[in-house]
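Please open the model in your viewer and keep the selection tool ready. The stops below say what to select next and what is there.

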Amino acid sequence: MSLDLLLLVAVLIALAMIGSRVGFGHRRVPSGILLLSETKTLFIVIGMAIGPHGLNLLSDAVLRQLTPIVILGFGWIGFLYGSHLEWRRMRRFSGRMYAVGFSESLVTLIGVSVVCWLLLPLLHHELPPATRVMMAAALGICAAGTAPAGVFLLERDRRIARSDVRALKFFSAVDDLPAILALGGLFAVLHQHQGVAVLGAWQRLLLSIGMGLVLGGVSHWLFPTSGDARHNTVILLGVAALTAGSADLLGLSPLFVAVIAGVGFANLSPRKERAYGLMASREQTLYAVFLLIAGAMFGFERGRLLWLMVPGYA
């Protein structure tokens, strides 16, 4: 990695740290701007502005070198999400709650996927069939999970009962599971990669699950019983990088494998609470850097008519 690239990464981290800590305080601002800020969507907009199709501060060549940060982001986010899926706690909730959460997720996933599959040929006439299925399924997967930030914003509305907010928080936590499973299946069925080309779809899916569980066990053995928080954070960062990087190297879903690793770690390690606290405390900065780079990767020139879907999708 060159010195210029290191400096650029440092600038992105500094920008993310400032942006994730600076709020609007008690000042009255338009609700749209507040929503962009508190859901961190603003970082995507900034990334689009500084990317190749904006000010070009991040060129295509630089973005290719920054791809590992995106992979690391998937590993960190996935491991963090999976680490709070502890069976001992999950079984406290009734089956009806899970049925509702999974049902609304699947209905959204299937509904959005079908509509997008029907619309894509009208907006892009040269899409190969496999690409059309992959794009439609990916859009459905992205829509299936509920963003927790939106639910937390409802806490300020006193007209909404606290019991309803608690139920929505539960749904926002569990309705990502069908989407994550679908993502792992999508990679296994449609994503061809020379690393696992000799394996069938079910074998690739089982490999993803097995790799996640093994790396979750490795995380349990590596994470110390005590020590400096900064040292332990570096260990967790290395675990996330190893998990997502190895999955990407084999053409598997980094997010899916990281979630499985987090689940394995949560159900094996008595130190999961301390690990989760360390990861959550550093999440905002890493997530902001992840969103900045992801926003810069937006390609405006690829299928301009596809942007007609954006308002309807939102």
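Begin by selecting Leu106, Ile110, Val114, Trp117, Leu118 and Val133, which form a nonpolar patch on the surface with about 530 Å² of accessible area together. A patch is built from residues with over 30% relative accessible area and no salt bridge, with nonpolar side chains (Val, Leu, Ile, Met, Phe, Trp, Tyr) joined within 5 Å and like charges within 9 Å. The areas come from the Shrake-Rupley method with a 1.4 Å probe, and for residues only the protein chains shown count as cover.

This is a predicted model, in which local features need pLDDT of at least 70 and side-chain atom pairs count only at pLDDT 80 or more, while totals for chains, interfaces and linings use all residues. Residues are numbered from 1 along each chain as its sequence is written, and side-chain values use heavy atoms, with hydrogens and water left out.

Now show helix 6 (residues 95-123), which gives the most to the nonpolar patch, with 5 residues; helices here are DSSP runs of H or I with at least four residues, numbered from the N terminus. Ile110 is found in helix 6, and because its relative accessibility is 52%, Ile110 counts as exposed. The classes are buried for under 20% relative accessible area, exposed for over 50%, and partly exposed in between, with a 1.4 Å probe and protein chains only.

Next, select Glu86, Arg88 and Arg89, where side chains are paired by salt bridges, each a side-chain nitrogen of Lys or Arg within 4 Å of a carboxyl oxygen of Asp or Glu. Arg88 pairs with Glu86 with the closest N and O atoms 3.1 Å apart, whereas for Arg89 and Glu86 the corresponding distance is 3.8 Å. Through shared partners, these salt bridges join Glu86, Arg88 and Arg89 into one network. Glu86 is buried, with a relative accessible area of 7%, while Arg88 at 40% and Arg89 at 36% count as partly exposed.

Move on to helix 10 (residues 176-190) and helix 11 (residues 201-222), whose axes come within 8 Å and cross at roughly 135 degrees; the axes are lines fitted to C-alpha atoms over the stretch in contact, and angles run from 0 to 180 degrees between N-to-C directions. That angle makes helix 10 oblique to helix 11, since angles under 35 degrees count as roughly parallel, over 145 as roughly antiparallel, 65 to 115 as roughly perpendicular and the rest as oblique.

Finally, select Gly47 in helix 3 (residues 41-50), which counts as buried at 0% relative accessibility.

Conventions: Helices (H or I, at least four residues) and strands (E, at least two) are DSSP runs, numbered from the N terminus.
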